[in-house]
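Work through the exercises below with the model open. Each task is followed by a solution in steps.

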Amino acid sequence: MSRIGVFGAGYVGLVTGACFADLGHDVTVRDVVPEKIDALERGEVPIYEPGLGELLERSAPRLRFTLDVHDAVEGADFLYVCVGTPPTYSGDADLSAVWTVIDELQGSVSGSGALVVMKSTVPVGTGEKVRAALDARGLEGVGYVSNPEFTAEGTAVRDFMYPDRIVVGSFDEADGDAVAALHEGIDAPVVRMDVPSAEMVKLASNAFLMTRISFINEIANVCEATGADVVKVAEAVGLDHRLGPHFLRAGIGYGGSCFPKDSLALKQLAANSGYHFQLLNAVIEVNELQKRRVIAKLEKHLGKLRGRRVALLGLAFKPHTDDMREAPSLVLASRLIAEGAEVRCWDPVADASGLLSGVVRCATPLEAAEGADAVVVVTEWPELADLDLAALRAAMRTPLLVDGRNFLDPDAAQAAGLVYEGIGRASQSSFAALPETPETAASDLRR
Ligand code: UGA
């Protein structure tokens with residue numbers, strides 16, 4: 001069994017550390033945030049990730065947490081870099097945390113034997129720069145391998161333990177062998193390659209997934225204009241074995257800590273290399289527009305939104321996570337507030353209080369829907385599948401349901417007296433008579 005130092009106790013670092021410890025390795029996770037390390041030492045999990053708490057508990061005898069870089073490096077065979085690479089103002093990936101780790105290693109790593117393994121998502125060419133930096137500092141004996149992560153939030157533990165593939169990019173054959181062997185116990189093909197190609201696999205995979213989403217969202221928009229139903233279309237398209245069913249769910253756009261930043265990073269990487277990545281630019285633009293389409297749907301039924309009460313069900317960028325990074329709900333809520341609407345929201349785990357000022361947080365979906373002129377399903381939390389639609393209708397002032405994830409059954413919603421409006425599906429004609437709020441009446445006079 002090997003000794004592994006993991007740098008970064010975020011989603012990627014914690015999952016990587018816990019999973020390797022579960023495979024029997026001896027792992028030390030190092031982070032620079034004292035509160036995070038304190039919490040982990042007390043047995044608390046600082047992020048919401050299903051299965052991670054149990055895994056950390058189970059692997060506790062082989063898992064340590066530290067603030068001290070030396071603790072993580074001491075005797076380690078592998079040094080996994082799992083720090084964040086957020087976008088800079090220019091859209092390029094910010095590699096400052098990566099370089100800080102590399103700088104710190106310089107003072108601690110003994111010289112030979114240890115392997116630096118890059119798990120953070122980095123631009124193509126980063127490995128070559130790190131290799132050159134290590135060499136320049138007399139650390140030629142320290143190996144470098146790219147081993148990108150393909151775990152999705154909410155299913156990260158499962159994705160790590162049962163991956164579709166393990167990608168290993170190395171400068172040196174033996175270094176690649178060592179990282180491949182480290183994954184013993186995981187049943188998946190190991191794809192070996194050079195470092196730049198491994199870096200590109202990660203960016204290309206995410207870009208392709210985003211392309212599928214923006215593609216189906218555009219098909220959805222054309223479905224709306226032509227009377228087709230995108231849910232049926234995607235089902236049948238996905239049954240073609242050459243296309244497959246994944247990432248064909250139309251909705252209000254992708255968000256999260258990865259897709260938006262990785263698409264920008266790849267776009268800038270291409271541009272910095274003199275190439276205009278036209279398709280990726282379109283994918284990004286379609287996604288931005290998609291987040292705003294809900295506003296038009298609300299206005300179609302309600303007219304001006306000033307004074308209207310709108311309930312957002314779900315805030316996180318997807319279910320089974322509390323992550324609010326680049327969540328479509330943020331764009332939606334701020335656009336609604338800008339239009340003068342009153343916004344109420346519910347989410348079972350995401351706490352957006354610091355992000356969404358002026359939005360009323362509610363304990364249940366029905367509380368959020370109280371007196372609402374419209375309810376919008378923003379995140380397809382499983383709890384919403386059991387929503388009592390008759391009670392929802394009864395709680396609302398105007399019975400408009402915009403299903404931003406095509407998650408609820410349109411027939412059941414209509415049977416409960418709701419006007420159902422999905423994404424890329426035939427919508428019902430609007431209400432016969434719409435109740436006015438004193439605010440809408442007054443604002444209409446003002447305009
Ligand atoms: C994504 C990738 O799926 C992982 O493979 C990758 O490792 C990770 O990024 C990363 O780079 O670290 P994640 O962002 O956690 O994982 O979540 P996804 O499940 O991919 O969903 C991303 C967004 O796409 C969500 O907002 C989701 O609602 C949206 N989506 C997904 C759709 O709108 N339609 C779909 O059909 C699928």
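Predicted model: local features only at pLDDT ≥ 70, side-chain atom pairs only at ≥ 80, totals over all residues.

**Exercise 1. Compare the reach of helix α1 with the expected span, then judge how covered α1 is.**

Solution. Helix α1 covers residues 11–22, twelve residues. From first C-alpha to last, α1 reaches 16 Å. The expected value at 1.5 Å a residue is 16 Å, and the helix is close to it. Turn to burial. Ten of the twelve residues of α1 are buried, so the helix is mostly covered. Among them are Tyr-11, Leu-14, Val-15, Cys-19 and Phe-20. Gly-24 follows α1 and has a positive phi, near 110 degrees.

**Exercise 2. Count the aromatic pairs and classify the one between Tyr-144 and Phe-171.**

Solution. The count comes to six aromatic pairs. In the pair of Tyr-144 and Phe-171, the centres are 6.0 Å apart and the planes make 40 degrees. Planes under 30 degrees apart would be stacked, and over 60 edge-to-face, so this pair is tilted. Now locate the partners. Tyr-144 lies in strand β6 (residues 143–146), and Phe-171 in the loop between β7 (166–170) and α8 (173–182). The pair therefore ties together parts that are 27 residues apart in sequence. Check the accessibility of each partner. Tyr-144 is buried, at 1% relative accessible area. Phe-171 is partly exposed, at 39%. Phe-20, Tyr-80 and Phe-160 are linked by ring pairs into a cluster. Arg-165 lies over the face of Phe-150, 3.8 Å from the ring centre.

**Exercise 3. Describe the setting of Arg-405, then find the positive phi in the loop between β13 and α16.**

Solution. Arg-405 lies in the loop between β13 (400–403) and α16 (410–415). Its relative accessibility is 16%, so Arg-405 counts as buried. Check the side chain: a polar atom of Arg-405 lies 2.8 Å from the backbone oxygen of Val-378. Next, take Glu-380, 25 residues away along the chain. The C-alpha atoms of Arg-405 and Glu-380 are separated by 6.3 Å. Beyond four places in sequence, the contacts of Arg-405 include Ala-250, Ile-252, Phe-317, Pro-328 and Glu-380. Now search for the positive phi. Asn-406 lies in the loop between β13 and α16. Asn-406 is not a glycine, yet its phi is positive, about 50 degrees. Asn-406 is buried, with a relative accessible area of 15%.

**Exercise 4. Which residues come nearest the ligand, and which backbone atoms lie by its oxygen atoms?**

Solution. There are 20 residues around the ligand. Glu-149, Glu-153, Lys-202, Asn-206 and Cys-258 come nearest. A polar backbone atom of Thr-151 is 2.9 Å from a ligand oxygen atom. For Glu-153, a backbone N or O atom lies 2.7 Å from an oxygen atom of the ligand. For Arg-249, a polar backbone atom is 2.9 Å from an oxygen atom of the ligand.

Terms used
Residues numbered from 1 in each chain as written. Heavy atoms only, no water. Helix = DSSP H or I, 4+ residues; strand = E, 2+ residues; numbered from the N terminus. Expected span 1.5 Å × (residues − 1). Buried < 20%, exposed > 50% of the residue type's maximum accessible area, 1.4 Å probe, protein only. Phe/Tyr/Trp six-rings, centres within 6.5 Å; stacked < 30°, edge-to-face > 60°. Lys NZ or Arg CZ within 6 Å of the ring centre and 35° of its normal. Contact = heavy atoms within 4.5 Å. Polar contact = N/O pair within 3.5 Å; in protein donor to acceptor, adjacent residues only side chain to side chain. Near = heavy atom within 4 Å.
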